[in-house]
Amino acid sequence: MRINAAEFSAKCLKLIDAVAAIHEPLVISPAVAVECAELPGEFHAAPAERLLVATARIGGYTLVTRDQKILDYGKAGHVSVLAA
């Protein structure tokens with residue numbers, strides 16, 4: 001299935017709103033917490049970006065991003081990424 005960028009963005013924002021409406025705390029698993037602290041190679045010092053990458057690595061997810069540091073980290077083979 002292919003959708004254009006505007007439609008994809010609208011669907012993502014709708015999903016974010018739906019998740020925010022639940023008002024549940026975000027639970028970080030011990031595996032993600034450890035991975036966040038021990039990411040291989042050179043990477044962001046920013047906690048949010050480290051958490052995103054650690055979650056993707058543990059869950060086997062692909063990150064869709066414009067963040068050049070995350071894209072470079074993916075090019076180095078540390079996480080699956082797709083340029084937005």
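Student: How many aromatic pairs does the count come to?

Tutor: This is a predicted model, in which local features need pLDDT of at least 70 and side-chain atom pairs count only at pLDDT 80 or more, while totals for chains, interfaces and linings use all residues. Residues are numbered from 1 along each chain as its sequence is written, and side-chain values use heavy atoms, with hydrogens and water left out. Rings of Phe, Tyr and Trp (its six-membered ring) pair if their centres lie within 6.5 Å; planes under 30 degrees apart count as stacked, over 60 as edge-to-face and the rest as tilted. By this rule the count is one aromatic pair.

Student: Why is the pair of Phe43 and Tyr73 given the class it has?

Tutor: A pair of aromatic rings is described by the distance of the centres and the angle of the planes. The ring centres of Phe43 and Tyr73 are 4.3 Å apart and the planes stand at 40°, so the pair is tilted.

Student: Where in the chain do Phe43 and Tyr73 lie?

Tutor: Helices (H or I, at least four residues) and strands (E, at least two) are DSSP runs, numbered from the N terminus. The pair links distant parts of the chain, 30 residues apart. Phe43 is in the loop between H2 and H3, and Tyr73 is in helix H4 (residues 68–75).

Student: Is Tyr73 buried or exposed?

Tutor: Buried means under 20% relative accessible area, exposed over 50%, and partly exposed in between (1.4 Å probe, protein chains only). Phe43 has 16% relative accessibility and therefore counts as buried. Tyr73 has a relative accessible area of 2%, so Tyr73 is buried.

Student: Which residues of helix H2 are buried, and which exposed residues are on the face turned away?

Tutor: In H2 (residues 30–37), the buried residues are Val32, Glu35 and Cys36. They cover an arc of only 105° around the axis (taken from the directions from the helix axis to the C-beta atoms), which puts them on the same side of H2. The face turned away from this buried side carries the exposed residues Pro30 and Ala37.

Student: Which helix is included in what covers the buried residues of H2?

Tutor: Contact means heavy atoms within 4.5 Å. What covers the buried residues of H2 includes helix H3 (47–59).
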